[in-house]
Amino acid sequence: MWLPLLVVLGLILLYRWYRQSRILTNLTNKYVFITGCDSGFGNLLAKQLDKRGMKVLAACLTETGAEKLKTETSSTLQTRILDITDSKSVSSAAKWVSAIVGNEGLWGLVNNAGYGVGFGPNEWQTKEEFSKSLNVNLLGTIDVTVNLLHLVRKARGRIVYTSSALGRLAIMGGGYSPSKFGVEAFADSLRREMYAFGVKVAIVEPGAFRTPMTAWENHTNNLIRLWKNLPAHIKESYGDDYYKQSILALKGLTQATSPRPYEVSDCMEHALTAVHPWTRYSPGLDSKLYFLPVSYFPTAISDYLFCRSAPKPVQSIS
(Lines give C-alpha, C1' and ligand atoms only; values in the text may rest on other atoms or scores of the structure.)
Protein backbone atom coordinates (compact mmCIF):
# COMPACT_ATOMS: atom_id res chain seq x y z
CA MET A 1 0.00 0.00 0.00
CA TRP A 2 2.59 2.54 1.13
CA LEU A 3 5.31 1.54 -1.35
CA PRO A 4 3.36 2.55 -4.50
CA LEU A 5 2.44 5.86 -2.88
CA LEU A 6 6.07 6.54 -1.98
CA VAL A 7 7.15 5.68 -5.53
CA VAL A 8 4.54 8.02 -7.00
CA LEU A 9 5.55 10.80 -4.58
CA GLY A 10 9.22 10.28 -5.46
CA LEU A 11 8.47 10.49 -9.18
CA ILE A 12 6.47 13.68 -8.68
CA LEU A 13 9.31 15.29 -6.71
CA LEU A 14 11.85 14.14 -9.31
CA TYR A 15 9.76 15.62 -12.11
CA ARG A 16 9.37 18.92 -10.23
CA TRP A 17 13.13 19.08 -9.62
CA TYR A 18 13.87 18.38 -13.29
CA ARG A 19 11.28 20.93 -14.46
CA GLN A 20 12.65 23.71 -12.26
CA SER A 21 16.30 22.87 -13.03
CA ARG A 22 15.98 23.68 -16.73
CA ILE A 23 17.69 27.00 -17.50
CA LEU A 24 17.27 29.21 -20.56
CA THR A 25 20.40 29.44 -22.71
CA ASN A 26 19.82 32.54 -24.87
CA LEU A 27 20.03 35.25 -22.21
CA THR A 28 23.34 36.98 -22.89
CA ASN A 29 21.72 39.89 -24.73
CA LYS A 30 18.71 40.28 -22.45
CA TYR A 31 18.16 43.46 -20.45
CA VAL A 32 17.36 43.38 -16.72
CA PHE A 33 16.46 46.43 -14.64
CA ILE A 34 17.09 46.10 -10.88
CA THR A 35 16.13 48.60 -8.19
CA GLY A 36 18.01 49.01 -4.90
CA CYS A 37 21.50 48.14 -6.11
CA ASP A 38 23.53 50.26 -3.67
CA SER A 39 24.00 47.26 -1.38
CA GLY A 40 22.39 44.01 -0.24
CA PHE A 41 20.50 41.63 -2.51
CA GLY A 42 20.20 44.01 -5.46
CA ASN A 43 23.92 44.69 -5.46
CA LEU A 44 24.69 40.97 -5.39
CA LEU A 45 22.22 40.19 -8.17
CA ALA A 46 23.59 42.95 -10.41
CA LYS A 47 27.08 41.45 -10.10
CA GLN A 48 25.85 37.89 -10.71
CA LEU A 49 23.88 38.76 -13.82
CA ASP A 50 26.74 40.91 -15.12
CA LYS A 51 29.09 37.93 -14.82
CA ARG A 52 26.51 35.80 -16.63
CA GLY A 53 26.70 38.23 -19.55
CA MET A 54 23.27 39.80 -19.24
CA LYS A 55 22.79 43.53 -19.82
CA VAL A 56 22.20 44.92 -16.36
CA LEU A 57 20.54 48.29 -15.77
CA ALA A 58 21.15 48.95 -12.08
CA ALA A 59 19.18 51.61 -10.20
CA CYS A 60 20.84 53.05 -7.10
CA LEU A 61 19.59 55.59 -4.60
CA THR A 62 22.99 57.32 -4.23
CA GLU A 63 25.83 58.37 -6.50
CA THR A 64 28.26 56.68 -4.12
CA GLY A 65 26.48 53.35 -4.49
CA ALA A 66 26.35 53.66 -8.27
CA GLU A 67 30.03 54.55 -8.61
CA LYS A 68 31.12 51.71 -6.34
CA LEU A 69 29.03 49.18 -8.28
CA LYS A 70 30.51 50.33 -11.59
CA THR A 71 34.04 49.75 -10.28
CA GLU A 72 33.12 46.16 -9.37
CA THR A 73 31.42 45.16 -12.62
CA SER A 74 32.03 45.16 -16.37
CA SER A 75 31.57 48.12 -18.69
CA THR A 76 28.32 46.56 -19.94
CA LEU A 77 26.50 47.33 -16.68
CA GLN A 78 24.81 50.73 -16.62
CA THR A 79 23.63 52.60 -13.55
CA ARG A 80 20.88 55.10 -12.88
CA ILE A 81 20.02 57.17 -9.82
CA LEU A 82 16.45 56.39 -8.75
CA ASP A 83 14.24 57.31 -5.81
CA ILE A 84 11.21 55.06 -6.21
CA THR A 85 9.13 57.27 -3.89
CA ASP A 86 9.46 60.15 -6.39
CA SER A 87 7.14 59.67 -9.38
CA LYS A 88 9.17 62.08 -11.51
CA SER A 89 12.31 60.06 -10.81
CA VAL A 90 10.47 56.83 -11.68
CA SER A 91 9.05 58.27 -14.91
CA SER A 92 12.47 59.59 -15.93
CA ALA A 93 14.12 56.23 -15.23
CA ALA A 94 11.45 54.44 -17.26
CA LYS A 95 12.17 56.68 -20.26
CA TRP A 96 15.89 55.97 -19.82
CA VAL A 97 15.25 52.21 -19.81
CA SER A 98 12.95 52.46 -22.84
CA ALA A 99 15.57 54.37 -24.83
CA ILE A 100 18.17 51.68 -24.08
CA VAL A 101 16.15 48.51 -24.68
CA GLY A 102 14.25 49.82 -27.71
CA ASN A 103 12.11 47.30 -29.57
CA GLU A 104 13.76 44.41 -27.77
CA GLY A 105 11.88 45.20 -24.60
CA LEU A 106 12.88 44.48 -21.01
CA TRP A 107 13.42 40.82 -20.16
CA GLY A 108 13.64 41.25 -16.38
CA LEU A 109 12.32 43.74 -13.85
CA VAL A 110 13.53 43.10 -10.29
CA ASN A 111 11.72 45.22 -7.71
CA ASN A 112 14.25 44.99 -4.91
CA ALA A 113 14.49 48.50 -3.41
CA GLY A 114 13.12 48.51 0.11
CA TYR A 115 12.93 50.22 3.49
CA GLY A 116 13.33 47.97 6.51
CA VAL A 117 13.49 50.23 9.57
CA GLY A 118 10.34 50.79 11.63
CA PHE A 119 9.70 47.70 13.73
CA GLY A 120 7.89 48.31 16.99
CA PRO A 121 4.47 48.16 18.64
CA ASN A 122 1.77 49.65 16.41
CA GLU A 123 0.46 51.97 19.13
CA TRP A 124 3.88 53.59 19.42
CA GLN A 125 3.81 54.76 15.81
CA THR A 126 2.11 57.49 13.81
CA LYS A 127 0.70 57.50 10.29
CA GLU A 128 3.95 59.08 9.12
CA GLU A 129 5.96 56.17 10.56
CA PHE A 130 3.85 53.66 8.62
CA SER A 131 4.13 55.77 5.47
CA LYS A 132 7.92 55.40 5.38
CA SER A 133 7.63 51.67 4.67
CA LEU A 134 4.49 51.82 2.56
CA ASN A 135 5.82 54.56 0.26
CA VAL A 136 8.97 52.62 -0.59
CA ASN A 137 8.07 48.95 -0.31
CA LEU A 138 4.58 49.09 -1.77
CA LEU A 139 3.62 52.33 -3.54
CA GLY A 140 7.08 52.97 -4.99
CA THR A 141 7.30 49.36 -6.18
CA ILE A 142 3.88 49.61 -7.84
CA ASP A 143 4.91 52.87 -9.53
CA VAL A 144 8.06 51.28 -10.98
CA THR A 145 6.11 48.25 -12.20
CA VAL A 146 3.35 50.25 -13.90
CA ASN A 147 5.86 52.50 -15.68
CA LEU A 148 7.93 49.58 -17.03
CA LEU A 149 5.28 46.91 -17.54
CA HIS A 150 4.80 47.61 -21.25
CA LEU A 151 8.50 46.94 -21.85
CA VAL A 152 8.35 43.61 -19.99
CA ARG A 153 5.23 42.61 -21.96
CA LYS A 154 7.06 43.38 -25.19
CA ALA A 155 9.84 40.93 -24.24
CA ARG A 156 7.42 38.39 -22.69
CA GLY A 157 9.80 38.58 -19.76
CA ARG A 158 9.95 38.21 -15.98
CA ILE A 159 9.06 40.36 -12.98
CA VAL A 160 10.54 39.58 -9.56
CA TYR A 161 9.47 41.08 -6.24
CA THR A 162 11.55 41.06 -3.07
CA SER A 163 9.00 40.50 -0.33
CA SER A 164 9.87 38.97 3.04
CA ALA A 165 9.07 36.10 5.36
CA LEU A 166 7.35 38.89 7.34
CA GLY A 167 5.09 39.31 4.31
CA ARG A 168 3.68 35.89 5.14
CA LEU A 169 3.67 36.06 8.92
CA ALA A 170 3.54 39.38 10.79
CA ILE A 171 5.25 38.92 14.15
CA MET A 172 5.75 42.56 15.13
CA GLY A 173 4.17 45.92 14.48
CA GLY A 174 5.10 48.77 12.18
CA GLY A 175 4.68 49.40 8.47
CA TYR A 176 7.11 46.78 7.19
CA SER A 177 4.82 43.72 7.28
CA PRO A 178 1.77 45.55 5.89
CA SER A 179 3.89 46.85 3.03
CA LYS A 180 5.20 43.37 2.22
CA PHE A 181 1.75 41.79 2.50
CA GLY A 182 0.67 44.44 -0.01
CA VAL A 183 3.54 43.58 -2.34
CA GLU A 184 2.46 39.93 -2.33
CA ALA A 185 -1.15 40.84 -3.10
CA PHE A 186 -0.09 43.13 -5.94
CA ALA A 187 2.32 40.52 -7.37
CA ASP A 188 -0.33 37.79 -7.21
CA SER A 189 -2.90 39.91 -9.06
CA LEU A 190 -0.31 40.99 -11.63
CA ARG A 191 0.82 37.40 -12.24
CA ARG A 192 -2.76 36.41 -13.10
CA GLU A 193 -3.21 39.44 -15.37
CA MET A 194 0.08 38.83 -17.18
CA TYR A 195 -0.42 35.11 -17.77
CA ALA A 196 -2.09 35.71 -21.15
CA PHE A 197 0.85 37.92 -22.18
CA GLY A 198 3.48 35.27 -21.42
CA VAL A 199 4.99 37.28 -18.55
CA LYS A 200 5.99 35.34 -15.42
CA VAL A 201 5.87 36.95 -11.96
CA ALA A 202 7.80 35.59 -8.98
CA ILE A 203 7.98 36.57 -5.31
CA VAL A 204 11.07 36.07 -3.14
CA GLU A 205 10.35 35.85 0.61
CA PRO A 206 13.72 35.94 2.42
CA GLY A 207 14.19 35.27 6.08
CA ALA A 208 16.72 37.32 8.05
CA PHE A 209 19.99 37.81 6.17
CA ARG A 210 23.03 39.88 7.08
CA THR A 211 22.74 43.06 5.00
CA PRO A 212 22.91 46.79 5.81
CA MET A 213 19.12 46.73 6.26
CA THR A 214 19.39 44.36 9.24
CA ALA A 215 21.98 46.44 11.11
CA TRP A 216 20.85 46.23 14.75
CA GLU A 217 21.87 49.79 15.66
CA ASN A 218 19.45 51.36 13.16
CA HIS A 219 16.49 49.35 14.45
CA THR A 220 17.37 49.91 18.09
CA ASN A 221 17.82 53.66 17.68
CA ASN A 222 14.45 53.84 15.96
CA LEU A 223 12.72 51.94 18.78
CA ILE A 224 14.39 54.19 21.39
CA ARG A 225 13.13 57.25 19.48
CA LEU A 226 9.58 55.88 19.34
CA TRP A 227 9.59 55.20 23.08
CA LYS A 228 10.91 58.66 23.95
CA ASN A 229 8.19 60.35 21.87
CA LEU A 230 5.30 58.45 23.46
CA PRO A 231 2.76 60.24 25.66
CA ALA A 232 3.18 59.49 29.35
CA HIS A 233 -0.11 57.55 29.64
CA ILE A 234 0.97 55.07 26.93
CA LYS A 235 4.39 54.59 28.52
CA GLU A 236 2.65 53.90 31.81
CA SER A 237 0.41 51.26 30.23
CA TYR A 238 3.31 49.34 28.69
CA GLY A 239 5.95 49.91 31.37
CA ASP A 240 9.75 50.03 31.26
CA ASP A 241 10.05 46.23 31.34
CA TYR A 242 8.01 45.92 28.14
CA TYR A 243 10.26 48.50 26.48
CA LYS A 244 13.41 46.68 27.56
CA GLN A 245 12.00 43.31 26.46
CA SER A 246 11.13 44.84 23.07
CA ILE A 247 14.72 46.00 22.64
CA LEU A 248 15.98 42.49 23.42
CA ALA A 249 13.45 40.87 21.08
CA LEU A 250 14.44 43.22 18.26
CA LYS A 251 18.09 42.53 18.93
CA GLY A 252 17.46 38.80 18.70
CA LEU A 253 15.58 39.17 15.42
CA THR A 254 18.15 41.41 13.72
CA GLN A 255 21.25 39.59 14.95
CA ALA A 256 20.07 36.04 14.20
CA THR A 257 20.83 36.61 10.54
CA SER A 258 22.26 34.31 7.91
CA PRO A 259 25.69 35.34 6.56
CA ARG A 260 24.79 34.04 3.10
CA PRO A 261 22.75 36.74 1.32
CA TYR A 262 23.66 35.18 -2.02
CA GLU A 263 20.96 32.58 -1.30
CA VAL A 264 18.46 35.36 -2.00
CA SER A 265 20.17 36.65 -5.14
CA ASP A 266 20.43 33.05 -6.38
CA CYS A 267 16.64 32.75 -6.08
CA MET A 268 16.21 36.00 -8.00
CA GLU A 269 18.56 34.76 -10.70
CA HIS A 270 16.64 31.48 -10.98
CA ALA A 271 13.37 33.40 -11.36
CA LEU A 272 14.91 35.30 -14.27
CA THR A 273 16.68 32.44 -16.00
CA ALA A 274 14.71 29.22 -15.38
CA VAL A 275 12.41 27.85 -18.06
CA HIS A 276 9.77 27.32 -15.36
CA PRO A 277 10.50 29.59 -12.37
CA TRP A 278 8.77 29.08 -9.05
CA THR A 279 5.91 31.38 -8.12
CA ARG A 280 7.44 31.87 -4.65
CA TYR A 281 10.92 31.39 -3.21
CA SER A 282 11.67 31.13 0.54
CA PRO A 283 15.46 31.48 1.03
CA GLY A 284 16.79 31.06 4.55
CA LEU A 285 16.31 28.33 7.13
CA ASP A 286 14.13 30.57 9.30
CA SER A 287 11.85 31.20 6.34
CA LYS A 288 11.61 27.51 5.39
CA LEU A 289 11.41 26.00 8.88
CA TYR A 290 9.42 28.62 10.80
CA PHE A 291 7.72 31.41 8.84
CA LEU A 292 6.53 29.28 5.92
CA PRO A 293 5.02 26.38 7.92
CA VAL A 294 3.62 28.56 10.72
CA SER A 295 1.93 30.81 8.16
CA TYR A 296 -0.24 27.81 7.27
CA PHE A 297 -1.21 27.11 10.89
CA PRO A 298 -4.67 28.10 12.12
CA THR A 299 -4.56 31.65 13.48
CA ALA A 300 -5.20 30.52 17.05
CA ILE A 301 -2.08 28.35 17.00
CA SER A 302 0.24 30.93 15.45
CA ASP A 303 -1.10 33.56 17.88
CA TYR A 304 -0.40 31.24 20.80
CA LEU A 305 3.17 30.56 19.63
CA PHE A 306 3.90 34.26 19.34
CA CYS A 307 2.10 35.45 22.48
CA ARG A 308 3.98 32.97 24.67
CA SER A 309 7.28 34.75 24.02
CA ALA A 310 6.03 38.30 23.41
CA PRO A 311 6.88 41.11 25.87
CA LYS A 312 4.32 41.56 28.65
CA PRO A 313 2.92 45.03 29.45
CA VAL A 314 2.08 46.37 32.91
CA GLN A 315 -1.63 46.49 32.09
CA SER A 316 -2.21 42.92 30.91
CA ILE A 317 -4.81 40.20 31.42
CA SER A 318 -4.11 38.41 34.70
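Hi everyone, let's begin with helix α10, residues 262-273. Its twelve residues, at 1.5 Å each, should span 16 Å, and the end C-alpha atoms are 16 Å apart, so expectation and model agree. And do keep in mind that this is a predicted model.

How many of the twelve residues of α10 are buried? Ten of them, so this helix is mostly covered, given that buried means under 20% relative accessible area. The buried set runs Glu-263, Val-264 and Ser-265, and then Cys-267, Met-268, Glu-269, His-270, Ala-271, Leu-272 and Thr-273.

Gln-48 sits in helix α2, which covers residues 40-52. Is Gln-48 buried or exposed? Its relative accessible area is 18%, and buried means under 20%, so Gln-48 counts as buried. If we set aside neighbours within four places in sequence, the contacts of Gln-48 are Tyr-262, Ser-265, Asp-266 and Glu-269. Ser-265 is itself among the buried residues of α10.

On to the pockets, where α2 turns up again. The largest pocket has a volume of about 920 Å³. Its lining is made up of 45 residues, and those nearest the centre are Gly-114, Tyr-115, Gly-116, Thr-211 and Met-213. Which elements supply at least two residues each to that lining? They are α2, β2 (55-60), α5 (127-155), α6 (176-194), α7 (216-228), α9 (240-255) and α11 (285-295). The largest share comes from α2, with three residues. By class, the lining of this pocket has 21 nonpolar, 20 polar and four charged residues.

The second largest pocket holds about 510 Å³ of space. It is lined by 21 residues, with Ile-171, Met-172, Ala-249, Phe-306 and Pro-311 closest to its centre. Two or more lining residues come from each of α9, α11 and α12 (299-309). Here α9 gives the largest share, five residues. The lining of the second largest pocket splits into 15 nonpolar, five polar and one charged.

How many cavities of 30 Å³ or more does a search of the whole structure find? Two.

The largest cavity contains about 40 Å³ of space. Around it we find Phe-33, Leu-82, Val-90, Ala-93, Ala-94, Val-144, Asn-147 and Leu-148. Seven of the lining residues are nonpolar, one is polar and none is charged.

The second largest cavity has a volume of about 30 Å³. Its lining consists of Asn-111, Ala-113, Asn-137, Thr-141, Tyr-161, Thr-162, Lys-180 and Val-183. At least two residues each come from α5, β5 (158-162) and α6. In this lining, three residues are nonpolar, four are polar and one is charged.

Thanks, everyone, and I'm happy to take questions!

Conventions. Residues are numbered from 1 along each chain as its sequence is written. This is a predicted model: local features need pLDDT of at least 70, side-chain atom pairs count only at pLDDT 80 or more; totals for chains, interfaces and linings use all residues. Side-chain values use heavy atoms; hydrogens and water are left out. Helices (H or I, at least four residues) and strands (E, at least two) are DSSP runs, numbered from the N terminus. Buried means under 20% relative accessible area, exposed over 50%, partly exposed in between (1.4 Å probe, protein chains only). Contact means heavy atoms within 4.5 Å. On a 1 Å grid over the protein atoms alone, a cavity is a set of points where a 1.4 Å probe fits but cannot get out, and a pocket is an open set with protein on both sides within 12 Å along at least five of seven lines; lining residues have an atom within 4 Å of a point. Grid points are joined across faces, edges and corners, and a volume is the space filled by probe spheres set on the points. Ala, Val, Leu, Ile, Met, Phe, Trp, Tyr, Cys and Pro count as nonpolar, Asp, Glu, Lys and Arg as charged, and the others, Gly among them, as polar. The expected span of a helix is 1.5 Å times one less than its number of residues.
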